[in-house]
Amino acid sequence: MGRTVVVLGGGISGLAASYHLSRAPCPPKVVLVEGSERLGGWIRSVRGPDGAVFELGPRGIRPAGVLGARTLLMVSELGLDSEVLPVRGDHAAAQNRFLYVGGALHALPSGIRGLLRPSPPFSKPLFWAGLKELTTPRGKDPDETVHSFAQRRLGPEVASLAMDSLCRGVFAGNSRELSIRSCFPSLFQAEQTHRSILLGLLLGAGRVPQPDSALIRQARAERWSQWSLRGGLETLPQALNTHLTSRGVSVLRGQPVCGLSLQAEGCWKVSLGDSNLEADHIISAIPASVLSKLLPAEAAPLAHALSTITAVSVAVVNLQYRGARLPVQGFGHLVPSSEDPGILGIVYDSVAFPEQDGSPPGLRLTVMLGGSWLRTLEARGSVLSQELFQKEAEKAAATQLGLKEPPSHCLVHLHKNCIPQYTLGHWQKLESATQFLAAQKLPLTLAGASYEGVAVNDCIESGRQAAARVLGTEPKS
Ligand SMILES: Cc1cc2nc3c(=O)[nH]c(=O)nc-3n(C[C@H](O)[C@H](O)[C@H](O)COP(=O)(O)OP(=O)(O)OC[C@H]3O[C@@H](n4cnc5c(N)ncnc54)[C@H](O)[C@@H]3O)c2cc1C
């Protein structure tokens, strides 16, 4: 009888792992177990009454680099080319990003000329931060917070305005707690290898073989900054589900895994409440902290390491306005913690993807709330009502974008523990987990947003690499 691989979690990481397992020349039997009734995890798209698409989770995927290309290849293999909505390089959503500081929106400078000009909210042209960066020696610590790294290399303003906002925009996190090594590995590596981030960016990381397809070539030729799918990004997990089912993968929904135990023969028993599954190997694509509670006593050291990988919550408020106009055109703006501890930023969804505006078209925005404001409310056990988030989001849209009329449509979702936090020393947690798995020869492989990247591309790559490890085919770097 062939091997059985059970994949835990039907988010994009678990779906990608199952996809790559199912496409192997001699695929094992694959069972994907999802706890909820829906696949896709945080990827969720809903339609408004006028057909407008509202993304409750991710709204754009970056095509850049080898990981971006691999995701586009998968999109083509799933037959989704005609559904792709690109943001081309010459579009406002590709070119303009803003910071909201001191009660005003400021365009982030782009190009060499932009670096030479004064660019408020920064007190001096960013050229000077670049000069400091080029002359700063290499750091000696094995890890550093994002804030300390940015302050040391680029100065206090770039650290407290730009990097603080970036950490809030990507991780909903605190730059004074997050790790540069794990959150922005390319910046960390550039310093290690070339002594400078700028030199590293100029010299590059060496050529990595890229996959090729018509869609990838188009994305490169048109310099896409990101892309979505016509019906929303949830089309991707839905297409993966159809593909998996056609390849004989058993996709179980509404079946939360409630325990894992090791059998004498070295295989796993996966408890699903009133039934069990047997597995020769498990790929876990559920959050690390959830897995830590399912592991058996024999894996206590691993469970301990995983339990320390925590996550933060984000409130996502989708707003739609009739007959309203934005004061600026761009991808959106970020808000540093010094300006507002609760509003992380606002994405101008209609600028990037007007095709999803519905009929008649309405202006769509997404306000993201989180940060220390939300953490304090959660810690106090405050009532986190939909009304509270809606009120704060509408207030932000009014003060930051001048949208004073009430929205015509509003959706509010509090995503609890949705973004893992790679805090200082995260790499050591990964190392101890990897060492334990190798030393104990546990038939368990970790994938998902908890480990090496939260972006959709990173999650898909983690699933691909997990599948390659299980199949014994070396992942191509
Ligand atoms: C609000 C928000 C906006 C984002 N925006 C972007 C963006 O624009 N671009 C981008 O690239 N990335 C973005 N991200 C990040 C990205 O969407 C996520 O990191 C990614 O979707 C996580 O995928 P995953 O499969 O690793 O985890 P998850 O999506 O968390 O999937 C895990 C799955 O496991 C299931 N599960 C949990 N416990 C069990 C159990 N006991 N048994 C069985 N199943 C279980 C869950 O139900 C879930 O379906 C965003 C994330 C959020 C939250």
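The legends below describe close-up views of a predicted model. Residues are numbered from 1 along each chain as its sequence is written, and side-chain values use heavy atoms, with hydrogens and water left out. Local features need pLDDT of at least 70 and side-chain atom pairs count only at pLDDT 80 or more, while totals for chains, interfaces and linings use all residues.

View A. Five strands form an open sheet with parallel pairing, in the order E9-E2-E1-E13-E19. Strands (E, at least two residues) and helices (H or I, at least four) are DSSP runs numbered from the N terminus, and two strands pair if DSSP finds at least two bridges between them. Strand E9 (250–252) and E19 stand at the edges with a single partner strand each, so one side of each has no neighbour in the sheet. From one strand to the next the twist averages 15°. Four bridges connect E1 and strand E13 (residues 281–284) in the parallel sense, with valine 7 opposite isoleucine 283 in E13. H19 packs on the sheet and touches E1, E13 and E19; its direction makes about 170° with that of E13. Axes are lines fitted to C-alpha atoms, for helices over the stretch in contact, and angles run from 0 to 180 degrees between N-to-C directions.

**View B. Strand E17 and its two partners.** Strand E14 (residues 311–321) runs antiparallel to E17 and is joined to it by seven bridges; tyrosine 321 has leucine 363 as its bridge partner. Strand E16 (residues 343–347) is also antiparallel to E17, with four bridges, and isoleucine 346 is partnered by valine 367.

**View C. Two nonpolar cores.** A nonpolar core is a set of buried Ala, Val, Leu, Ile, Met, Phe, Trp, Tyr and Cys residues joined through side-chain atoms within 4.5 Å. In the largest, which has 41 residues, Trp227, Leu236 and Ile283 touch the most other members. Elements that each supply at least two residues of this core include strand E1 (4–8), helix H1 (12–22), helix H11 (214–221) and helix H19 (456–471). A second, separate core of 30 residues includes Val270, Phe436, Leu437 and Tyr451.

View D. Buried residues of H2 include Val66, Ala69, Leu72 and Val75. Among the elements covering them are H1, strand E5 (84–87) and H12, where contact means heavy atoms within 4.5 Å. Just after H2, glycine 79 has a positive phi of about 75°.

**View E. The buried face of helix H14.** In helix H14 (residues 300–307), the buried residues are Leu302, Ala303, Ala305 and Leu306. Seen down the axis of H14, they fall within an arc of 160° (from the directions of the helix axis to the C-beta atoms), so they line one face of the helix. Their cover includes helix H13 (288–294), helix H18 (426–440) and strand E19 (444–446).

**View F. Asparagine 241 in helix H12.** Asparagine 241 belongs to helix H12 (residues 235–246) and is buried, with a relative accessible area of 14%. Leaving aside neighbours within four places in sequence, asparagine 241 contacts Leu39, Val251 and Arg253.

Key:
Buried means under 20% relative accessible area, exposed over 50%, partly exposed in between (1.4 Å probe, protein chains only).
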